[in-house]
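Have a look at the picture first, then read on.

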Amino acid sequence: MKSSDLKKVIQGRVALFNAPDSYLAGMAIDEILGAVGMAKDDYDFEMIFADNESPVEWVANVGMSPFLSERRFVLIRNAQKAKLEELSVDSLKALPESALRNFTKAKIEKVVTSAGGFVGNLAADPKEVREVVKASIKQANREIGSPVLDLLLEMTGSDLGKTLNELEKVYLFSDSKTILERDIKAVVLPTRDFNIWNMIDAVVRGDISSSLTVLRIVLQGNGKVEEFAFAQLFPLVSRQLRYLLQARVCIDANVKEGQIPEWLSDKFPEKPNLAKDHFGKQSMIFKSARLVTTEQVRDAITCVYEADARCKGMGASFTTLDTVERLIFDLARVLGPKRA
């Protein structure tokens, strides 16, 4: 965290961080605690999950007088789950000078800003994550090739904390000096985003069986299929297809991975924007994009919209699971290899 931002946080009473990277979030919390002379095991430090207590209880908690420290620090996790109607600007403004409350998710930025609080972003640049991971591997007296490192980062979503944790598993799995692709595939737990891409990539390669297998893995342990499909599955599939479309546009413009010019990047949406991802991600997407046409990808995106509509009652659908599985076959029909 920048020293100027740290100063603003400790001088204020409330701060909000968008913290998609667990490792950077932990570092930021440690920095703040260190700056006010506290530690995570102190009596006046408390961590609360937003869906376990109401905002009214948060305010009451952090508003208590500190017992053994000059400040009272309350960390709110998963703040996006808070009932914002119970969180008032006035209650934050009324906090005593001894209060220091930290939120670690967005969606309440307007409330925090209106109360004069600090708002920061702890997202890591993929290039910076890559260099930190490389340095960590070197410090562990191990070696890793560039393609294998790309695979590791893709499987962990370039989350620095998750990547470093998964590396510890790799070190225990193999004592070989050089980390191999098979080591990564054997023990690293892939993100849902990576699994979704594997599902689409299998469809492009004409491997429907593997695509359905990945789909079942993705659906496991995610509660009701209906809720998961609307909230995550359809948006994630759509996101990966948009990446595929951007790669295909680049190929049609004779642009190679790692060399996407600004004039072309500016034509892509802010999110997702393939030009802003690291070379490994681009290389993976470009490889699949060379097997399809722009029209095929656009038809595939339409298939996702139609599946979403069927699940919402705007079309024939037996069950949500049936519609989701049918989507795989629809994607295979429009994206898969064409046979004579």
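At what angle do the axes of helix H6 and helix H7 cross? In this predicted model, the answer is roughly 115°, and the two axes come within 11 Å.

## Where H6 meets H7

H6 covers residues 126-139 and H7 covers residues 146-156. When H6 passes H7, the crossing is right-handed. On the H6 side, the contact is made by Val129, Arg130, Val133, Lys134 and Ile137. H7 brings Ser146, Leu149, Asp150, Leu152 and Leu153. Sort these residues by class and you get six nonpolar, one polar and three charged.

## A closer look at H7

The buried ones are Val148, Leu149, Asp150, Leu151, Leu152, Leu153, Glu154, Met155 and Thr156.

Just past the end of H7 sits Gly157, with a positive phi of about 70°.

## Where H11 meets H12

Now for the other pair. Helix H11 (residues 208-219) packs against helix H12 (residues 225-252) at about 105°, and their axes are 11 Å apart. Angles of 65 to 115 degrees count as roughly perpendicular, so that is how H11 and H12 lie to each other.

By class, the contact has six nonpolar residues, with no polar and no charged ones.

Terms used: Residues numbered from 1 in each chain as written. Predicted model: local features only at pLDDT ≥ 70, side-chain atom pairs only at ≥ 80, totals over all residues. Heavy atoms only, no water. Axes fitted to C-alpha atoms, helices over the stretch in contact; angles between N-to-C directions. Helix = DSSP H or I, 4+ residues; strand = E, 2+ residues; numbered from the N terminus. Left-handed = near helix turned anticlockwise from the far one by under 90°. Contact = heavy atoms within 4.5 Å. Nonpolar A, V, L, I, M, F, W, Y, C, P; charged D, E, K, R; others polar. Buried < 20%, exposed > 50% of the residue type's maximum accessible area, 1.4 Å probe, protein only. Parallel < 35°, antiparallel > 145°, perpendicular 65-115°, else oblique.
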